[in-house]
Amino acid sequence: MKLSRQFTVFGSAIFCVVIFSLYLMLDRGHFDHPKSPRREGTFPKGQLSILQEKIDHLERLLAENNEIISNIRDSVINLSESVKDGQRNPEAVNFSQGSFSELLPSALVSLTIDPEDCSFASKSGSQDSNVQMLDVYNILPFDNPDGGVWKQGFDITYNENEWDDEPLQVFVVPHSHNDPGWLKTFDDYFRDQTQHILNNMVVKLQEDNNRKFMWSEISYFSKWWDGIDSQKKDAVKRLIEDGQFEIVTGGWVMPDEASAHYFALIDQLIEGHQWLEKTLGVKPKSGWAVDPFGHSPTMTYLLKRSGFSNMVIQRVHYSVKKYFATQKTLEFFWRQNWDLGSSTDILCHMMPFYSYDVPHTCGPDPKICCQFDFKRLPGGRVSCPWRVPPEAIHPGNIQHRAWMILDQYRKKSKLFRTKVLLAPLGDDFRYSESSEWDQQYQNYQKLFDFMNSHPELHVKAQFGTLSDYFEALRKAGNLEEKNSNSVFPVLSGDFFTYADRDNHYWSGYFTSRPFYKRLDRVLESYLRAAEMLYSLALVESKKSDKMNAFPSVDHYKLLTEARRNLGLFQHHDAITGTSKDWVVVDYGTRLFHSLMNLKRVITDSAHILILKDKDTYSYNPSAPFLKMDDDQSSQDSLPRKTVIKLSIQPRYLLVYNPTEQERFSVVSVYVNSPKVKVLSPSGKPIMVQVSGVWDGRTTVSHEAYQKINTKEDGKNHQIKMEFAWYGTTSNRDKSGAYLFLPDGEAKPYVFTDPPTIRVTHGRIFSEVTCFFLHLTHTVRLYKVQGLEGESLELSNIVDIRGEYNREIAMRISSDVNSQNRFYTDLNGYQIQPRVAMSKLPLQANIYPMTTMAYIQDSGVRLTLHSAQSLGVTSLKSGQLEVIMDRRLMQDDNRGLGQGLQDNKITANLFRLLLERRNEVDEKEEKSSVSFPSLLSHTTSFFINHPVIPMTTYAESGVPQILNTFSPLTSSMPCDMHVVNLRTIQSKADSGPSDEAALILHRKGLDCKFSNKDTGLLCSTTQGKIKVHKLFNKLIVESLIPTSLSLMHSPPDARNISEINMSSMEINTFRIRLR
């Protein structure tokens, strides 16, 4: 992270290149004292302050000198160790922490990656799972025969006396699935349904202590809690204590697992868990995800590292469910593909049937199960589609009815390995009326009493929570005893792409409403930047009385609101694009509102950090010191850059690098004059490129100019870029918000008029822009030293608002011999190998891409990096295809009741990276695991977290500001990523505490790529970081390991002096800085 000042003299300036810390650090050492008389004139200083500056300068040089010496010492130690190991690498120079600052960016360096840091990728994938999803897909025929009453399954039979020795234990688990927005907005659902469900829960559970209930979405629960009296609050706490009411998962929402980025998944977990801990002292231990449309192992990893032991999932391809039922593998330990041991295992229960509603949860026959959903008793608002209604239980029918449901329970239990059975009892927004609580609980209690009082039935049935179920399951499976062999298999892989029936694959939602999928990623980037700057500004603000004016409490409220708005959007009907039009507007408005607020937090925090003399600090919200350089006018419009007005008086341009590595970056700003000079903090001119800013296809704006930064051109690789249309089938079932049902292969994008093509040349970048009717396509090449020159930037502005049942795709064709294999990321966290299968329909081969997808052969890898989640596939060797937008005129019969006709003008941003691979062995190509290169990881991070330019307000007389504010002593190791530095809420009120959560992720990387001249300014250190060397001018008072979402402290939790992380792990620490 770095804030740097750029200084534009004599007013010309459009676009400034920031050669990040490199330039600045080099300059800082030699040119800090005032040289240019012009600069002297601008800022007259007293003799004392000049003397003070010289002393400061000397102190800095001494500190840097010490740092260099200690780096040289570290390097010598590292070198001698590598010599001892006999691993001599003549090309590599070991630049451990910070010594890169002494290098010129033009020096071509081969990065040092310790061989130990490479061994992880080569060992991964050799682990031992009984069930590997890639193999399951390989052997499944994906046929769909009629299975009888269980349409997608088979006939289940059993022997009456199977339970003689060990009775069947049945846990009926009542639940209510509350979507935080779908057909109504979050607030409307709360007003009409959710508050009544929770109010009734308090009353009805207290009537009988055999009753149980569970809840998962904290967004709703916290809103309800804020509105109830203390008597009700006490009752809830008692119900939790007595085990009648349980919170499961406890995230802000039940998130989508395809489009959500792991940053936001973690953030909404922390938001929920922190609320629970502070308000109720509750720590959930079981996950409950019954409605996300397919399941990702990233979510399982996050739950496991948050201290969870169990989880339930539901929406999995019906063929997979049927196969697992035949193998009795519906309950398994889910292990990460990359895990070399078993530390990521979590016990998972997969529901066997079509849905989580009552007809599909008591057993295989929905016609029977529906008769035990007592909300559907005759005279109510819902009935059974199988036309046999439930009957209230009375002495005359109880024997027959108990036998009917026991038969279903027994059949269902035959699909599992133990005699413990989970029977959920609930559906969407259930239990909102008092009468429903009575109907369900009273009738079931009669059934339980009857069954339990007849020992010849060999059953024990009761209401339970999820924890009750898993406790009994673990006991039955001998999991409590160490060393005993588990009855449950180990599974690795993911559960995309989901199909619930026939060829109805849910791959449409990977792209639906792409405008908001992009807005989500922009908000994530701003939230992370704001969290970090705020945490640092908070520490700074305590250093002098003058700085108490910093609005720490107000800004913490804005941060909390932004976390919650982003969290809400991770819901499985929000980021997925599967809500009603007006609900989408509600989500969009919340995101937009928080985007504006986060800009305030960023500029106000930067202000306090960059001031040279902290005594000059004053906070004036009506005339902020800094402003961002872009503007967005509404929740559904694209951001526009603002024009910086220049005059004789110089303006400051401040650039914030939100990444943890030094960065050699091109920065683009708009100014109102083509006569521009940009100076570095030390007064040296920086290379700029002045380009026109275009109003339309062929008219140049006279109001603004644009400008940019440098690397020698790489090799030429011809890659064909084309666009294509998908239509939808002519059958009754057509594509909609969820489903992709194309009318065959895509048809080429044809245009009657040739496109307007505009070519821009410059010394920093050159670009070609093609204007088509439905899209504007730009390819930009940066001619800069360093990372940005390594890949092509692709951007599309897509507008299909006039189309009818069409989807537009971008296809990249190359000579990479990838055959039918390709790789997509899961949630920006890990890579999952894919195989395009001809036995599956086209739509089944589309997978979610959160940040990247690649194809490769033995010689090269071609990666498409994305700054938004979209659907991706590779249908032919050498191809990658991304669906960019979809406009569909009808509902696809999944409950939404509308098509997708609210399309916006949408921007998509990508980078295309071609890398040469070295020494690849055959085994690797068939492995269940794959990793990006370091260059690829960093490219992905840079495209998702661009530098943030800010300018000082023109009118404000600018006080002296620091050349550079750099909280880190140096670049962090290349494979270490700061996920967040998130100030923790105070235990007393809604303001901040003096602690923050430092979340670090050590990435897994594939080393079989060239490290020469990649523009990476860091090395790797086997996941070790010395805490006292991490921060510059900030003292780490304490750093204590904790579980991922801060819920649990390890038993030996204590202040640590060295961070030590394994590849792929994400660790959270409680940190106090001063």
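This is a predicted model: local features need pLDDT of at least 70, side-chain atom pairs count only at pLDDT 80 or more; totals for chains, interfaces and linings use all residues.
Buried here means under 20% relative accessible area.

Strand β31, made of residues 806-813, pairs with β38 through eight bridges in the antiparallel sense. Within this pairing, E807 lies opposite R886 of β38. Strand β37, at residues 870-873, also pairs with β38 in the antiparallel sense, here over three bridges. T873 has E881 in β38 as its bridge partner. β37 and β38 form a hairpin with five residues between the strands, and in this hairpin G878 adopts a positive phi near 85°.

Strand β42 runs over residues 976-985. Nine of its ten residues are buried, so β42 is largely enclosed by the rest of the structure.

The partner is strand β43, residues 992-1002, which is joined to β42 by eight bridges and runs antiparallel to it. L981 is found opposite L998 of β43. The two strands make a hairpin, with six residues lying between β42 and β43.

## The six-stranded open sheet

Six strands make up an open sheet with mixed pairing, in the order β3-β13-β9-β10-β8-β7. The edges are taken by β3 (131-132) and β7 (286-289); each has a single partner strand, so one side of each is left without a neighbour in the sheet.

W288 has V312 of β8 as its bridge partner. Helix α10, residues 297-305, packs on this sheet and touches β7, β8, β9 (331-334) and β10 (346-350). The direction of α10 makes about 130° with that of β10.

## Helix α6 against helix α14

Two packed helices are described by the angle between their axes and the distance between the axes. For helix α6 (residues 186-207) and helix α14 (residues 434-452), the axes come within 9 Å, with a crossing angle of roughly 40°. This angle makes α6 oblique to α14. The crossing of α6 past α14 is right-handed.

On the α6 side, the contact involves I197, N200, M201, K204, L205 and E207; on the α14 side, it involves S434, W437, D438 and Y441. Sorted by class, the contact between α6 and α14 consists of five nonpolar, two polar and three charged residues.

## Helix α9 against helix α16

Helix α9 spans residues 262-279 and helix α16 spans residues 514-541; their axes come within 10 Å and cross at roughly 60°. That angle makes α9 oblique to α16. Here α9 passes α16 in a crossing that is left-handed.

The residues of α9 in this contact are F263, A264 and D267, which meet E524, L527 and R528 of α16. By class, the contact of α9 with α16 has three nonpolar and three charged residues, with no polar ones.

Methods
Residues are numbered from 1 along each chain as its sequence is written. Side-chain values use heavy atoms; hydrogens and water are left out. Axes are lines fitted to C-alpha atoms, for helices over the stretch in contact, and angles run from 0 to 180 degrees between N-to-C directions. Helices (H or I, at least four residues) and strands (E, at least two) are DSSP runs, numbered from the N terminus. Angles under 35 degrees count as roughly parallel, over 145 as roughly antiparallel, 65 to 115 as roughly perpendicular and the rest as oblique. A crossing is left-handed if the near helix is turned anticlockwise from the far one by less than a right angle, and right-handed if clockwise. Contact means heavy atoms within 4.5 Å. Ala, Val, Leu, Ile, Met, Phe, Trp, Tyr, Cys and Pro count as nonpolar, Asp, Glu, Lys and Arg as charged, and the others, Gly among them, as polar. Two strands pair if DSSP finds at least two bridges between them. Buried means under 20% relative accessible area, exposed over 50%, partly exposed in between (1.4 Å probe, protein chains only).
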